[in-house]
Amino acid sequence: MKNLAIDPTNGACGAIFVATGAFFAIQSLGLDLGTTFRMGPGYFPLVLALVLILLGGIVIVQATRIAGEPIGPIAWRGLAFILPAPIFFGLTVRGLGFVPSIFITCLIAAFASTRMKPLAAVLLAAGVTLFSVVVFSYALGLPFQRFGPWLPF
């Protein structure tokens, strides 16, 4: 009989998926599920939780068949730039407004890569800002200030 060997990296990821899915499935059972045609507030979270459990099971099964790569070093630069970016946006969007907040947020996140050059970061931030304003402000008509009260103009 063959010994069951599980790749620790993929096995841990699959177990985290299953545990997270189970937690949200249990939490969604406290809400009204409704029916397929008349969904309640707990229906969609339950479906997503079940999909997450299924994906976690697939990852666990794959962990028994294929040896994965070892976990590499932690990308501290990425963590230092990616994690503060949405926090900065959330803290400044009301004061600075949508346009400056999204621009600076993109600049912060762009420098998570060591290959990002300043000019490319500014162009990327300008493009994302323009796209976001067109989509959220004009196309969807969301009511938010483009420039906030912290700016003198």
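Visitor: How many aromatic pairs does a search of the whole structure find?

Guide: A pair of aromatic rings is described by the distance of the centres and the angle of the planes. In this model, which is predicted, a search of the whole structure finds four aromatic pairs. One of them joins Phe89 and Phe98, with 6.1 Å from centre to centre and 85° between the planes. That pair is edge-to-face.

Visitor: How far apart are the ring centres of Phe98 and Phe144, and what is the pair called?

Guide: Their centres lie 4.5 Å apart and their planes meet at 40°, so the pair is tilted. Phe98 belongs to helix α5 (residues 98-110), whereas Phe144 lies in the segment after α6, so the pair ties together parts that are 46 residues apart in sequence.

Visitor: Which residues form the aromatic cluster?

Guide: Phe89, Phe98, Phe136 and Phe144 form one aromatic cluster.

Visitor: Is Phe98 buried or exposed?

Guide: A residue is called buried when its relative accessible area is under 20%. Phe98 has 7% relative accessibility, so Phe98 counts as buried. Phe89, at 23%, counts as partly exposed, and Phe144, with a relative accessible area of 28%, is partly exposed as well.

Visitor: What share of the residues in the protein chain is buried?

Guide: Of the 153 residues in the protein chain, 22% are buried. The chain exposes about 11000 Å², and carbon and sulfur atoms supply 75% of that area.

Visitor: Which residues form a nonpolar patch on the surface?

Guide: The patch consists of Ile16, Phe17, Val47, Val51, Leu54, Leu55 and Ile58, which together have about 600 Å² of accessible area. Two elements, α1 (8-28) and α2 (43-65), each give two or more residues to the patch. The largest share, five residues, comes from α2. Leu55 is found in helix α2, and its relative accessibility of 42% makes Leu55 partly exposed.

Visitor: What secondary structure does the protein chain have?

Guide: The protein chain has six helices and zero strands. From the N terminus on, the order is α-α-α-α-α-α.

Visitor: What radius of gyration does the protein chain have?

Guide: The value is 22 Å, while a compact globule of 153 residues would have one near 15 Å. The C-alpha trace spans about 75 × 45 × 25 Å along its principal axes.

Visitor: What separation is there between the C-alpha atoms of Leu119 and Thr64?

Guide: These C-alpha atoms are separated by 46 Å, and the two residues are 55 apart along the chain. Leu119 is found in helix α6 (residues 118-139) and, at 61% relative accessibility, counts as exposed.

Key: Residues numbered from 1 in each chain as written. Predicted model: local features only at pLDDT ≥ 70, side-chain atom pairs only at ≥ 80, totals over all residues. Heavy atoms only, no water. Helix = DSSP H or I, 4+ residues; strand = E, 2+ residues; numbered from the N terminus. Rg over C-alpha atoms; globule rule 2.2 N^0.38 Å. Buried < 20%, exposed > 50% of the residue type's maximum accessible area, 1.4 Å probe, protein only. Areas by Shrake-Rupley, 256 points an atom, 1.4 Å probe, with all protein chains shown as cover. Patch = residues over 30% accessible without salt bridge, like charges linked within 9 Å, V, L, I, M, F, W, Y side chains within 5 Å. Salt bridge = Lys/Arg side-chain N within 4 Å of Asp/Glu carboxyl O. Phe/Tyr/Trp six-rings, centres within 6.5 Å; stacked < 30°, edge-to-face > 60°.
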